[in-house]
Amino acid sequence: MKTLQDFDFNAKKAIIRVDFNVPLDENFNVTDANRIEAAKPTIDAVLADGGSVILMSHLGRPKGKEAQYSLRHIVAKASEVLGTSVQFASDCKGELATTAAHNLKQGQVLLLENLRFYAEEEAGDENFAKELASLGDIYVNDAFGTAHRAHASTTIIAKFFPNHKCFGLLMAKEIESLNRVLNNSVKPVTAVLGGSKVSSKITVIENILEKVDHMIIGGGMTFTFVKALGGKIGDSICEDDKQELALEILHLAKEKNVHIHIPIDVVAADAFSNDAHTQVVDVREIPDGWQGLDAGPKSLANFREVIMNSKTILWNGPLGVFEMENFAKGTIELGNCIAESTANGAFSLVGGGDSVAAVKQFGLEDKMSYVSTGGGAMLEMLEGRVLPGIAAILD
C-alpha cells in the first residue's frame, strides 16, 4: 500500500483528491470544517517535504455550473484551517486551471473549482481525468468519502500515474482501521448495528458474521426480528417482507457460533414525538398504538456486559431516535460504554452517518479509537466490496 512516505515531494506538484463537500449556511459560510481538518495532515506533509499542492473536490450535487456550489465559498475557511493562503482557480480544467497549476510555486496551495460542474466527473470520463492528471506530478487520493465511486478524479485519473500515485494519510488510516476490524482483529469482536432497516444492512451482516463473536442489533431493525420471532411490536417500524430473512440471519449466526443480542425491553411512545407519553415495556409485548423508540434499561445492561468484554468493537447505527432528547439515552449509554471499553484497551471503530453524528453530538468522538469519515464507502467495505478508489491506487 503506497502512502506519502513512499515519495519525495520536493519541487513536485501533488494533485490531491480531497472531500471538501462541507455544509454551508445561507450566507455560504462553512458550518462544519471537519472534512477540511481531516485533509490537513496530508497537505501539511506534502508542503513540509518541499512540494506544492493542487486540491480537487466536489461540493453538493450541482446540475452544471451553479454559483451556489462554487468551491470559492470555502477558500477563506480552507486558508484558515490550513494556515496558509489558498489560491483558487475558477475552473478545474482548461486554460485557467492549467495556468494556475503551472504558476504554482513550492509551498503553495491551489484549490480547483467544483469537479461536478462537469458531467464528465461522475461519468468517469477518461479525457476529463487525463486533463486533471496533466496538472500534477504525483496523484494522492485522500477522499475516503468518495472512494466507492468510480469517478474521474477518484479512480480513472490514477491510470495516468502508473508509478506516481498513493494514498493520503486519511485514506491510509481509514483502510488500516477497517482492516483491523475485518481482517486483523483481536477477539472477542463485537459489531453493533443499529438504524431503521434490515434491508440496508443485510450484506454487512452476512459479511461480518464471518468475523465477529457478538452482534448487537438495535434501532428500528429490532422490530423486524422481534416480529419474526412471534413478538407483538405495536406500531413500531417493521419490514414485514424481511421477517424470513431475519430468521435466516439468526439461524446462520447460530451455525457460526455468533451470539446475537437483541433488546429485551424498549422505551415505547404513543406517538413519534419527543413530547409523547412513554413507558418501558418488554420488547415482545408492545401495546397497540405504541412504538419502540429506544432501547430499555435491561437491554442496555446486557449490551454493556458484552461491550466491556470486547477487544474489538465496530459501531454502525444508533440504538434509538437519538435526535429526540427523550429517546437518546440508549445511544448515549452505548457510546459511553464503547468509550470506557476503549479506555480499557479495546479498539473501537465508529462509522456511518448517524453513529458519527451521535458521537460528535454527545462529545464522544475523541474517546473512540477511530471515527470514519465515509458513510457509504465504509458500508461497502463492510459488505466485503473492493472500492474502486482504493483499487485504483493498489493496481
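**Cysteines, a histidine and an aromatic pair**

Cysteine 166 is buried, its relative accessible area being 0%, where buried means under 20% relative accessible area, exposed over 50% and partly exposed in between, with a 1.4 Å probe and protein chains only. Cysteine 238, with 23%, is partly exposed. The count of disulfides, meaning pairs of cysteine sulfur atoms within 2.5 Å, comes to 0.

This is a predicted model, in which local features need pLDDT of at least 70 and side-chain atom pairs count only at pLDDT 80 or more, while totals for chains, interfaces and linings use all residues. Residues are numbered from 1 along each chain as its sequence is written, and side-chain values use heavy atoms, with hydrogens and water left out.

Histidine 261 is placed in strand β10 (residues 259-261), strands being DSSP runs of E with at least two residues, numbered from the N terminus. Histidine 261 counts as buried because its relative accessibility is 18%. Beyond its neighbours within four places in sequence, histidine 261 has contacts that include His214, Met215 and Phe303, contact meaning heavy atoms within 4.5 Å.

There are 4 aromatic pairs, counted when ring centres of Phe, Tyr and Trp (its six-membered ring) lie within 6.5 Å, with planes under 30 degrees apart taken as stacked, over 60 as edge-to-face and the rest as tilted. Tyrosine 139 and phenylalanine 161 form a stacked pair, at 6.0 Å centre to centre and with 25 degrees between the planes. Tyrosine 139 belongs to strand β5 (residues 138-141) and phenylalanine 161 to the loop between β5 and β6 (165-167), so the pair ties together parts 22 residues apart in sequence. Tyrosine 139 and phenylalanine 161 are both buried.

Key: Helices (H or I, at least four residues) and strands (E, at least two) are DSSP runs, numbered from the N terminus.
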